[in-house]
Amino acid sequence: MKIKRLLSGQIQVVLVFLLLISASSCQLFQRTSYKKEPKPDWLTSRPQNNMYYFGISSSPKKGYLPSDYMANAQQNALSDLAGGISVNIESTSVLSVMENTYNFNENFSSEISATTNEQLEGYELVDTWEDSDYYWVYYRLLKTKHLQLKLQRKEQSILDSKSKYYQARELLDRDLHYNAFRFYVEALTALKSYLGDCTSTDIYGEEKDLGNEIFSEMAEFVNNLNINFTTKTISVKKGVELDDEVFSFKITDQNGKPVSGIPVKIDFTGTGLMRSSEVSGSDGKVYCAINKVTSSPGNETLTVKVDMAKFARAANDHMIRSLIRNIPSSENIIRVIVEKPVLHIKSEEKAFDKILPDKKLKNTFQSVLSSDFYINDKEKSDFILTVNSNTFKNGTFGNEYMVVIDYTVDLRDNQGNIIFRKTKSGEYSGFSIDAAVNEAYLETQKSIERVIAREITSSVNK
């Protein structure tokens, strides 16, 4: 037992000793993790020298590992350095031409500056300083060196861009329009960092600004797209199913050749348009998704415009997308005349299997449907409404005679397809058999006015 107590006591002493060493080590690390030196001159007063760009910034230490706060301070200092490099939009640059020609006033200076930050090289670390709370970094970049490196990068970007530009021209000559446009986009993207600069270079033996040539040819390509309808106006009948060709048009280039892959926006003031965007097919054709027009008779307009927002998706870069979206695009507006469909009404109205001389149900349908249909048996019909009715004796109740009326209302299009069908029965009474028949037909007329006519109109407009 004594030996066990002795060993236990020794272990406790060793543990206490190790804890003391650990605490001392932590205090020693804290005391030696940075030198307690006074703030350097570059921190108390920002350096002034026209030969250099300077970048000075810091990062808090609290909550970060040393590797993290050091990296944060370095990045912040580089951002500060890039912020001192002014971005000037030259008068001959793409951005300047866009502003003057297309009234495009979006400011891209910040994006160009951000790109400059990403491309920074040639800078040197001058010094670092830290206290218990912050870690500071001081960079500088020789202006002549920065200019030299920028010119080298710019020259390489112009070469890359020109290669894409030539490919675009070649594809355009082969009538591969949309592929050509994508290469134009890639050519412009290669110049992103220099869209505010002059990008003069030799193009097919002539000294031209490459950025302006690319953008002007992109704009010319879009502006030369034609949206061609076969007629100046489109006439349709309300609720009548349409052939696909009725609301079709073709996209062609300036030489009348069909252009595929062109996205368009479609707007219709009437009702019946199922999709507001389409893309031209291999034959340049576009079919509007309008199965039938359900607007009230009158004049509507169909507007078709090249969709530059969709075109801009060819670019992955936000800045290039914004430039493309602002290119003016082709547009065509066509008048659509909506007319009433022609309706034929056929009825066979009976009482006890004998045809009645006055067509009460037919006359009611003619009255209530005339606002939605042109009812004329002499013109080719768009719809045919067939009404069949008959009454049957159903005994007597007290002093009254009882009759049952059965009727069927059937609406078909001119292809024989059933659009609407309703079969119904009703029991009515009167002090005479004729009075009971009149009551049955009178109530059926009311049902036509209140319900059935509206159901017919709704079925046509579906």
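A residue counts as buried when its relative accessible area is under 20%, as exposed when over 50%, and as partly exposed in between (1.4 Å probe, protein chains only). Phenylalanine 352, with a relative accessible area of 27%, is partly exposed. Welcome to a predicted model, in which local features need pLDDT of at least 70 and side-chain atom pairs count only at pLDDT 80 or more, while totals for chains, interfaces and linings use all residues. Residues are numbered from 1 along each chain as its sequence is written, and side-chain values use heavy atoms, leaving out hydrogens and water.

**The chain as a whole**

- The chain has twelve helices and 19 strands; these are DSSP runs numbered from the N terminus, with helices (H or I) of at least four residues and strands (E) of at least two.
- Of its 462 residues, 40% count as buried.
- Contact means heavy atoms within 4.5 Å. Among contacts between residues at least 6 apart in sequence, 69% join residues at least 24 apart.

**Nonpolar cores**

- A nonpolar core is a set of buried Ala, Val, Leu, Ile, Met, Phe, Trp, Tyr and Cys residues joined through side-chain atoms within 4.5 Å.
- The largest one has 55 residues, and Phe247, Leu302 and Ile324 have the most contacts inside it. Helix H8 (residues 210–223) gives the largest share of this core, seven residues.
- Another core lies apart from it, with 26 residues that include Val403, Ala440, Tyr441 and Ile456.
- Neighbours within four places in sequence aside, isoleucine 324 is in contact with Phe181, Val185, Met218, Met308, Phe311, Ala312 and Ala315.

**A look at helix H8**

- Eleven of the 14 residues of H8 are buried, so this helix is largely enclosed by the rest of the structure. Among the buried ones are Asn212, Glu213, Phe215, Met218 and Phe221.
- The expected span of a helix is 1.5 Å times one less than its number of residues. For H8 this gives 20 Å, which agrees with the 20 Å between its end C-alpha atoms.

**Two serines**

- Serine 295 sits in the loop between strand S11 (285–287) and strand S12 (298–306). Serine 295 is buried, at 6% relative accessible area.
- A polar atom of the serine 295 side chain lies 2.6 Å from the backbone nitrogen of threonine 271. With neighbours within four places in sequence set aside, serine 295 is in contact with Lys238, Gly270, Thr271, Glu300 and Val338.
- Serine 163 belongs to helix H6 and is partly exposed, at 38% relative accessibility. Serine 163 and alanine 187 are 24 residues apart in sequence, with their C-alpha atoms 7.6 Å apart in space.

**Loops with a positive phi**

- Most residues other than glycine have a negative phi.
- Tyrosine 204, which is not a glycine, has a positive phi of about 50 degrees. Tyrosine 204 is in the loop between strand S4 (200–203) and strand S5 (206–209).
- Phenylalanine 352 also has a positive phi, near 55 degrees, and lies in the loop between strand S14 (342–351) and strand S15 (354–355).

Definitions and conventions:
A polar contact is a pair of N or O atoms within 3.5 Å; within protein, one must be able to donate a hydrogen and the other to accept it, and residues adjacent in sequence count only if both atoms are side-chain atoms.
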